[in-house]
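Please have the sequence and the 3D view open as you read.

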Amino acid sequence: MKGLKIEMAHVERIRWLLHVEGKSQRQVAKALGISRKTVAKYAQLTKVPRYQRQKPAQPVVLTPEFQAEIERRLAENEILPRKQRWTGRTIYEDLVALGYQGSEPTVRRYIAKIRKLKRVQPAFIPLAHDPGESIEVDWGEAVVVLDGAEVTVQILCVRLRWSGMPVVIAYPTQRQEAMFDGLRRALERLSGVPRRMTLDNLKQAVKRILEGRNREEQDAFLSFRTHYLIDSNFCNPASGNEKGSVENLVGLAQRYIVGPHREARTWDELNAILWQRCLEYARRIPQGSTQSILERWEEEKKYLRPLPARPFDCCKVALVSSNKVSCVTFETCRYSVPVQYANRPLQVRAYWDRIDIYAGQEKIASHLRCYERNREILDLDHYLELLHVKPGALEQAKPYRMAQLPPVYHQFRAEMQAQGRSDREFIEILMLHRAYSVSEVSTALELALAQRTACYTAVKQLLAVQPDLGAEASTSTAGELAGIRVQQPSLAEYNRLLKGGVVH
């Protein structure tokens, strides 16, 4: 053990041999290969002695004079404009001009040390909350697999402050209508309305921050609060600790409630999964409590005000005008309306998941909402009356090309053209979607093609004879399909008309 640094294990071995095995200091020194003086030194110690400086270490390069220069410049920063303050680089260059011969990292380390000493660590006061008093609200982000594609979703996190009951709801956006929809759903899932909600100064809620706790709120947010009779409490800027419960929930949602690789087919399915995960989490008993979160929530429900008779209409309303191609523009995207409403003032009600378009009090169109920019969302049905008048435009009509009809439609149209029938008759078949589903019409087209009766009358008769055609077709056999016959329309009256006769 000669030349070996003495550690706690060596001290323990020396003391064991001396006090337990009863060996002499000389015997211990010989057994361990150290001097007898070393044995005597550590015989009564219970911890390894550390070297202690008699005086503080003096910097070799960054002398007290240079340290004073750094501190003086940092003090100047308190009164200098933000963009003209001393930086680590400019301080270093100035010290070099004064004779400093050390490195820049040494200067930067000393600057960081001074700033850390001056930084005041805040202290907090423990708070107590009453049942039904408040919820806390915040947004976060998470990655999920939605309909087979990996997407980043926005998660609205809401938590009852007394019981700690969480609600996490996912959306494609943090827009105001999504926040209102999330708050509405959260209140419904929590089975009541607390007296107050605490949240950040979100632009969806706050128009302008005034002095102290005062805020000029958005009109739509005021309308939401008025509907549910819930007060607002906005945090001070950059003071997330004022709603620490929901801040923790955001992290919990990302790690546990949403978790990694969460998969769902639709938004509704995803949010149903998240609610079940919230209920599973709520079965836990928090530290310092004898009840689970679910049990405390059941108690807190008694203190929540009842929900209003009808839910808040969580949409953004905008006045628009349709153009000559029967489209309205909302947030750079163009949505179609029926052609009879072209060139008219209309109203858009934008929900987080859909766009409803109104003419007065009548809803004339509804589309899935698109969050991409400069896209066209066209409904073929909106243009069918105009195409019926101008059937020659069908081939180049953008709504028709965007419709993504099943292949059987194109096969049926080609067969009709081969028989000399016009596109006007094919457009009449497309109008059947107003009474029948795509699946039902597709099956009728397949049956008509099998019978070589590619005309509107045949398709219409097949649908009339078998209203549940789509369901039955899936169980029909090839023999049953072959047995179906469609009555051909009579051309006698048409021939009599051509000859100038009277049509009965």
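Over how many bridges do strand β13 and β14 pair, and in which sense? The model is predicted. In it, β13 spans residues 354-359 and pairs with β14 over 6 bridges. The sense is antiparallel.

## The four-stranded sheet

β13 and β14 belong to an open sheet of 4 strands. The order is β9-β12-β13-β14, and the pairing is antiparallel. β9 (316-321) and β14 (362-368) form the edges. Each of these two pairs on one side only. From one strand to the next, the twist averages 25°.

## The three-stranded sheet

Another open sheet has 3 strands, in the order β10-β11-β15. Its pairing is mixed.

Strand β11 covers residues 333-336. It runs parallel to β15, and 2 bridges join them. Here Y335 stands opposite I377 in β15.

## Helix α17

Which residues of helix α17 are buried? In this helix, residues 456-465, they are A458, V459, L462 and L463. These residues lie on the same side of α17, because they cover an arc of only 130° around the axis.

The other side of α17 has exposed residues: A464 and V465. Buried here means under 20% relative accessible area, and exposed means over 50%.

Key
Residues are numbered from 1 along each chain as its sequence is written. This is a predicted model: local features need pLDDT of at least 70, side-chain atom pairs count only at pLDDT 80 or more; totals for chains, interfaces and linings use all residues. Side-chain values use heavy atoms; hydrogens and water are left out. Two strands pair if DSSP finds at least two bridges between them. Axes are lines fitted to C-alpha atoms, for helices over the stretch in contact, and angles run from 0 to 180 degrees between N-to-C directions. Buried means under 20% relative accessible area, exposed over 50%, partly exposed in between (1.4 Å probe, protein chains only). The arc is that of the directions from the helix axis to the C-beta atoms.
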